[in-house]
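Visitor: Could you walk me through this structure? I'd like to start with the chain contact and then move on to the folds.

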Protein chains: 2
Amino acid sequence: MRTSQERFASACRCEAVDRPPVWLMRQAGRYLPEYRAVRAKHDFWEMVRTPELAAAVTEQPVRRFDMDAAILFSDILIVPDAMGIEVRYEPGGPVLSPLVASLADVLALCEVEPARDFAYVAEAIRLLTARLHPEKALIGFAGAPFTLAAYMVQGGPARSVDRLKALAHRDRGAYDLLLDRVTAAVTGLLALQIEAGVDAVQIFDTWAWHLGPDDYVDLALPYTARIIERLRPHGRPVISYLRSAAAHLEAAAAAGPDVLSIDCTIRLADAMARAPAGVALQGNFDPALLFAPPAVIAGAVERQLALVRERGAGRGYIVNLGQGLTPEIPIEGVEALVNAVRGAG
Amino acid sequence: MRTSQERFASACRCEAVDRPPVWLMRQAGRYLPEYRAVRAKHDFWEMVRTPELAAAVTEQPVRRFDMDAAILFSDILIVPDAMGIEVRYEPGGPVLSPLVASLADVLALCEVEPARDFAYVAEAIRLLTARLHPEKALIGFAGAPFTLAAYMVQGGPARSVDRLKALAHRDRGAYDLLLDRVTAAVTGLLALQIEAGVDAVQIFDTWAWHLGPDDYVDLALPYTARIIERLRPHGRPVISYLRSAAAHLEAAAAAGPDVLSIDCTIRLADAMARAPAGVALQGNFDPALLFAPPAVIAGAVERQLALVRERGAGRGYIVNLGQGLTPEIPIEGVEALVNAVRGAG
């Protein structure tokens, strides 16, 4: 394997690799002192919207840990923002307003023009590919339509998505139109990211775990499937992230992603048994493992990679967590994980 | 079937019933105007600790909807409270202090004497059985040790249980002792509830869905299994509630509960296929269904009960939700669900 970029591309396509590539969700984040140093001088939106800042922060974990891939520093809520919803970042989480509650609210959303509304995203990606390629891979991302609609209807991170489900039960026309419009905006954003040069895109359906199996297939999956379908001609791997993989794995795989990023509700061996051939897997490590002593982390990595060697023929695997890194996670834990993967070549 | 109490007992034992019994988690709660009327005059702890108030609120939904079972109005945090942790109810949820962070903190916890510390629980149950029996069933409950330990270590409802997992990774001795002590207290509380007259007890492992399959078996299940084992001589059905049933169903069933209460991450048909014979099932309806028009709710109930009739021979089923009722849920929805079940006899 010559470069991390090639290793990552091969794993996404289920081709043979010297060792699985590794990157971590929310690897550019508050657990890093160099991230906090930038954040102390700039607010979150400013970092997201200023290509030079976004690029600098994106590079930080890749430089520190020598990971195989960088993920663009951005936020899934840039889509509701572009649709005319105000997004404020408060200590308890983002707050969106006005809330979408009716068909009239959906009709009032702005039409998104990716080249105009996400120009700062394209510019950050161009800066990054110039600095990372051909050594490292760069990943773009967006929120899945169901997850973004949940934010737009609930107003922020909630314990349930009951308001969105209630909208689907009471006014299916408004629900469908909302999801259609978000789907179009997300498709436009991801296509723009690919054109600007990312090696893959990841779609985060962070809130779909609130749905039972039938509702997931009815309310969330068709929109993600449509995005994947429309991105296919662009020729870059699409990674689909879901929580509650134990509940939704087969359904999520049916939407056609190249890579399925799974949380820790399922053992990797079971995910390999359940995912159709040709779909690579990513993720599965519990972020809380990173609180353990380095030797414990190394042991867990060793067991997982042995499983991949034994049963993973013809199936790509990318080391990652089941959820994003949190501010409390110790750098030593991240280091131990990445080093154990890099030592496995 | 003569009474709801008999119907409920038969369903727990997987015996034939005229129709499945129905009750709903958090059925005595803020969605009810008569509950809010009591709550306006008394604070939450006062309601929990005053047998007459707890009994009155417990009865409210049973009287209004003619449900088959009442669940004692109480709170899972009475156990940490009895162990010497202060529990304050704030708008964002309960706040516990001091936090348990080390072996010394675990050693400093108070020894629980159920007859002394939970006398108010026993008294509320005696009031209730006198009023409900022999017509209605009465259910007692407690938090599962893992869930209670999560509250004690995290300090309140959190987005993760990382601190508790970190304690397990870093100081397994302290983790085990904490869980042992909580397990003893919960066992004492549930035995006292049974002696006071409840028809069944439910153990809520509300936070175990944060665990992967191996961690669930390692960190949560053994303690719940121990409680079930110790309660067996008391001769009352034990209901085990878990979220993320899709991930943990077989493991949770292996702990030996009479009834497994499942959330909506799994289809009932799949749960019936996966749960061992002799284990009754409860739950599975998405609370958000109750936002739908009554005819939609009735249709969903009809489909579920048809499935139970077709494939549920020798398997008890109790109608309930996958999670508790929330304040926003309309009374008409609850009414439509209960009426559809009652009309199915």
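Guide: What follows covers the interface, the sheets, some backbone details and side-chain pairs.

Visitor: What kind of model is it, and how is it numbered?

Guide: This is a predicted model, in which local features need pLDDT of at least 70 and side-chain atom pairs count only at pLDDT 80 or more, while totals for chains, interfaces and linings use all residues. Residues are numbered from 1 along each chain as its sequence is written, chains are lettered from A and ligands numbered from 1 in the order in which they are written, and side-chain values use heavy atoms, with hydrogens and water left out.

Visitor: OK, the interface. How many residues does each chain put into the contact?

Guide: Chain A gives 30 residues and chain B gives 30 residues, where contact means heavy atoms within 4.5 Å.

Visitor: And what area is buried between chain B and chain A?

Guide: About 2500 Å², with carbon and sulfur atoms giving 51% of it. Buried area here is the accessible area (1.4 Å probe) that the two parts lose on being put together, summed over both. In chain B, the residues that lose the most area to chain A are B:His169, B:Arg267 and B:Phe291, together 22% of what that side buries.

Visitor: How many salt bridges between chain B and chain A?

Guide: Four, a salt bridge being a side-chain nitrogen of Lys or Arg within 4 Å of a carboxyl oxygen of Asp or Glu. One of them joins B:Lys165 to A:Asp286, whose closest N and O atoms are 2.9 Å apart.

Visitor: Which elements of chain B give two or more residues to that side?

Guide: Helix H10 (162–170), helix H12 (213–231) and helix H13 (245–254) of chain B. Helices (H or I, at least four residues) and strands (E, at least two) are DSSP runs, numbered from the N terminus. H10(B) gives the largest share of the side that touches chain A, five residues.

Visitor: What's the make-up of that side by class?

Guide: The side of chain B that touches chain A has 14 nonpolar, seven polar and nine charged residues. Ala, Val, Leu, Ile, Met, Phe, Trp, Tyr, Cys and Pro count as nonpolar, Asp, Glu, Lys and Arg as charged, and the others, Gly among them, as polar.

Visitor: Changing topic: what's the strand order in the chain B sheet?

Guide: The seven strands of this open sheet run E1-E4-E5-E6-E7-E8-E9 in chain B, with parallel pairing; two strands pair if DSSP finds at least two bridges between them. Strand E1 (69–71) and strand E9 (317–318) of chain B are the edge strands, each pairing on one side only. Further in, strand E5 (residues 200–205) and strand E6 (residues 238–242) of chain B pair in the parallel sense over five bridges. B:Gln202 has B:Ile239 in E6(B) as its bridge partner.

Visitor: And chain A?

Guide: Chain A has an open sheet of seven strands in the order E1-E4-E5-E6-E7-E8-E9, with parallel pairing. In it, strand E7 (residues 259–262) and strand E8 (residues 280–283) of chain A pair in the parallel sense over four bridges, and A:Leu260 has A:Leu281 in E8(A) as its bridge partner.

Visitor: Which strands of chain A run antiparallel?

Guide: Strand E2 (residues 86–90) and strand E3 (residues 93–97) of chain A do, joined by five bridges. A hairpin joins E2(A) to E3(A) through two residues, and A:Tyr89 stands opposite A:Pro94 in E3(A).

Visitor: Where are the cis peptide bonds?

Guide: One joins A:His133 and A:Pro134, with omega about 0°; A:Pro134 sits in the loop between helix H8 (119–132) and strand E4 (137–143) of chain A. Another joins B:Ser97 and B:Pro98, with omega about -5°. B:Pro98 is in the loop between strand E3 (93–97) and helix H6 (103–107) of chain B.

Visitor: Last one: how many salt bridges over all chains?

Guide: The structure holds 51. Among them is A:Arg63 with A:Glu59 (2.5 Å, N to O), and both of these residues lie in helix H4 of chain A, four residues apart, about one turn of the helix.
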